[in-house]
Structures are given as structure tokens and as C-alpha cells.
Amino acid sequence: MAKLFLDFRVFNSRAPTNQSLPITKALKKHEDEKKRAYGERVLQVEKSSFTPVVFSTSGIMGDEADKFYKKLASKLSDKTKQSYPDSIRYIRQRLSFCLLRTLVISLRGHRGTSPKRFSDKNDINILYMIKNNSN
């Protein structure tokens with residue numbers, strides 16, 4: 001069984017560095033950056049294949065990502081005996097929620113319990129967890 005290495009990137013298409021490019025060229029630029037950074041190493045050292053999976057924050061996926069998800073849906077439909085449209089719908093639905101969760105976290109921050117830092121008189125940082133009780 002051959003190994004496959006995936007590298008994901010979500011970029012803001014409205015950022016100043018991407019705004020002047022059409023979305024297809026921006027997607028291609030980011031895919032090419034990933035291929036330059038990791039492609040040769042994965043092929044030579046790992047003896048595997050490499051696929052950059054690139055999305056814009058508006059949910060548009062690059063060509064490599066589109067090919068990957070179509071292949072994944074095909075294999076999933078064969079394995080589960082579901083139809084191809086049901087498999088691709090399932091994958092796209094899960095992907096949409098993952099991207100949406102990533103976008104929301106990047107906009108408002110993570111709202112789970114996290115360690116809080118306090119310092120005493122001697123400037124020693126003390127970490128402790130605060131549990132929120134919703135009473």
C-alpha cells in the first residue's frame with residue numbers, strides 16, 4: 001500500500017497579497033508553494049506521493065484538492081456500497097463544517113477551558129485551570 005502525504009492550507013483570498021490575483025491563480029500559487037516546499041522530499045526520501053490541499057476562506061478548493069476528494073469519494077463509495085453522489089455529498093458536508101469551525105475559531109478565538117497565567121509578588125508564573133460552572 002502506497003503512502004500519501006497531505007498538507008492543508010486555508011488562505012484568505014481578500015488579503016492584500018492575494019487580492020490582486022484571480023482566485024484560480026491564487027489557489028495555484030499556494031499549491032505550487034507547497035509542492036516546492038515538500039514535494040521533492042516526499043518523493044525522494046519517503047518514496048510516497050504528496051498532495052497539497054488548498055482552500056480559500058470562502059470555501060473554494062484548488063485543483064489538487066478537488067482531485068483528491070473525488071478519488072476519496074470513489075474509494076469510499078466502493079467500500080461502503082453507497083452511491084458516488086452520496087459519498088461526495090458526505091465528504092463535502094463534513095469538509096464544510098470543518099472549514100466553518102476553523103474560520104469561526106480564527107475570528108473569535110477558542111472558547112474552551114485554557115490555562116490562565118497569574119504572577120505572584122516574586123514574578124513566578126502559576127498556571128491553573130479555571131472550570132466554568134454554568135449554574
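User: Is Ser-48 buried or exposed?

Analyst: Burial is judged by relative accessible area: buried means under 20%, exposed over 50%, and partly exposed in between, using a 1.4 Å probe and protein chains only. Ser-48 has a relative accessible area of 7%, and therefore counts as buried. Please note that this is a predicted model, in which local features need pLDDT of at least 70, side-chain atom pairs count only at pLDDT 80 or more, and totals for chains, interfaces and linings use all residues. Residues are numbered from 1 along each chain as its sequence is written, and side-chain values use heavy atoms, with hydrogens and water left out.

User: Where is Ser-48 placed, and which residues does Ser-48 touch?

Analyst: Elements are DSSP runs numbered from the N terminus: helices are H or I with at least four residues, strands are E with at least two. Ser-48 lies in the loop between α2 (23–44) and β2. A contact means heavy atoms within 4.5 Å. Leaving aside residues up to four places away in sequence, Ser-48 touches Lys-3, Phe-5, Val-42 and Leu-43.

User: Which residues form the largest nonpolar core?

Analyst: A nonpolar core is a set of buried Ala, Val, Leu, Ile, Met, Phe, Trp, Tyr and Cys residues joined through side-chain atoms within 4.5 Å. The largest one has ten residues: Val-53, Phe-55, Ala-65, Phe-68, Tyr-69, Ala-73, Ile-88, Ile-91, Leu-95 and Leu-99. The elements giving two or more residues to this core are β2 (49–56), α3 (63–80) and α4 (84–108).

User: What covers the buried residues of α3?

Analyst: The buried residues of α3 are Glu-64, Ala-65, Phe-68, Tyr-69, Ala-73 and Ser-77, and their cover includes β1, α2, β2 and α4. Ala-65, for example, touches Glu-31, Pro-52, Val-53 and Val-54, not counting residues up to four places away in sequence. After α3 comes Lys-81, whose phi is positive, near 60°.

User: What is the mean pLDDT of the protein?

Analyst: pLDDT is the predictor's confidence in each residue, from 0 to 100. The mean for this protein is 80, and 81% of its residues reach 70 or more. Over residues 118–135 the pLDDT is below 50, and this stretch has 19 contacts in the model beyond near neighbours in sequence.
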